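Here are some notes to read alongside the model, written for someone meeting it for the first time. Please keep the structure open and follow the points in order.

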Amino acid sequence: MFKSGFATIIGRPNVGKSTFVNTVLGKKIVITSDKPQTTRNNISGIYTSDSSQIIFIDTPGIHKPHHKLGEYMTKEALNTLRSVDLILFMVDASRGYQSANEYIINELKQVDVPVFLLLNKVDLIKDIPRLHDDVQKYKKAYPFKGIFSISALKGDNVDKLIKDIENELEEGPKYYPDDQITDHPERFIVGELIREKVLQLTHEEVPHSVMCQVDYLEYDEKNPKLLNIHASIIVERESQKGIIIGKNGRMIKRIGSLARKDILHLLGNKVFLDLHVKVVKDWRNKQFHLKNYGYTNET
């Protein structure tokens, strides 16, 4: 019997949701960084085996929003709760029980879908009795269908978790071809890879103010093995534009160099990457720009 279904992964920012998806798929389709709110959209990662197909939905970290983009991200994550077969509620176990998770637990109480609790980053925990105490607190807060200690980064216990997820799903069709690992287009993933490099190389307010838009992505007419990509890095202030470009253009060259390597690894083609920086003031709070960049909860 072939099984299939959709499983959303929810939790607060930086608990390891995107790392988990990349580990399960064995390929990087979701960007990661140590900056909060790195993931801004729901992104599907498609895991296919001989016996099942599980569509994991990586969601933005649920947090108290300070701008319209943040409102969109939290709503985007919570909207998945009522449209899936299974919920994976991930917490950063290395930080102990956090009362901030109770907001999410209250949201879980509003839906009738099995929920697994994933205690991630257990490889960082040395105080095992404290971990046991935390598990008891979570059990008291919500009747989880299953509780799993994992390390998404190292892959510890991820195989066992996949088997339990598969057991929870019902018989169903294969929604996607065997070789498809995400439903997002190349243009989207390329833009995210560029944004990831900005997140890795910049600090303070800059990472949160950046959006990346791929303006052009086509194979070269004379060299079909070469992919020409033109992309815009969008920031909110002139000072941020200066940081992205860097002295003598060093920073944007470094961003482009690192992004080009990841795009080459992902697509297997040589890449010509042309990056520009644009200033769109306060774009995170303007509905027009949010919609233009694809941040809209409208269906």
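1. A word on names: helices (H or I, at least four residues) and strands (E, at least two) are DSSP runs, numbered from the N terminus. This is a predicted model, in which local features need pLDDT of at least 70 and side-chain atom pairs count only at pLDDT 80 or more, while totals for chains, interfaces and linings use all residues. Residues are numbered from 1 along each chain as its sequence is written, and side-chain values use heavy atoms, with hydrogens and water left out.

2. Let's begin with two loops. D282 lies in the loop between β9 and α10 (287-292), and its phi is near 55 degrees, a positive value in a residue other than glycine. K121 sits in the loop between β5 (115-120) and α4 (128-141), and its phi, near 65 degrees, is also positive. As background, most residues other than glycine have a negative phi.

3. Six strands form an open sheet in the order β2-β3-β1-β4-β5-β6, with mixed pairing; two strands pair if DSSP finds at least two bridges between them. β2 and β6 (146-149) stand at the edges with a single partner strand each, so one side of each has no neighbour in the sheet. From one strand to the next, the twist averages 25 degrees. β4 and β5 run parallel and are joined by six bridges; L88 has F116 in β5 as its bridge partner.

4. Two helices meet this sheet. α1 packs on it, touching β1, β2, β3 and β4, and its direction makes about 155 degrees with that of β3. α5 lies across β1, β2, β3, β4, β5 and β6, running at about 105 degrees to β3. Here, axes are lines fitted to C-alpha atoms, for helices over the stretch in contact, and angles run from 0 to 180 degrees between N-to-C directions. Contact means heavy atoms within 4.5 Å.

5. Now for the nonpolar cores, each a set of buried Ala, Val, Leu, Ile, Met, Phe, Trp, Tyr and Cys residues joined through side-chain atoms within 4.5 Å. The largest has 29 residues, and those touching the most other members are I194, I229, I233, I244, I255, L273 and L275. α6 (186-201), β7 (211-219), β8 (226-235), α9 (250-267) and β9 (270-279) each give two or more residues to this core; α6 gives the most, with seven. A second, separate core of 26 residues includes A77, L81, V111 and V115.

6. Finally, a helix pair. The axes of α6 and α9 come within 9 Å and cross at roughly 140 degrees, which means α6 is oblique to α9. Among the α6 residues that meet α9 are I189, L193 and V198, and the α9 residues that meet α6 include I255, L258 and I263.

Definitions and conventions. Buried < 20%, exposed > 50% of the residue type's maximum accessible area, 1.4 Å probe, protein only. Parallel < 35°, antiparallel > 145°, perpendicular 65-115°, else oblique.
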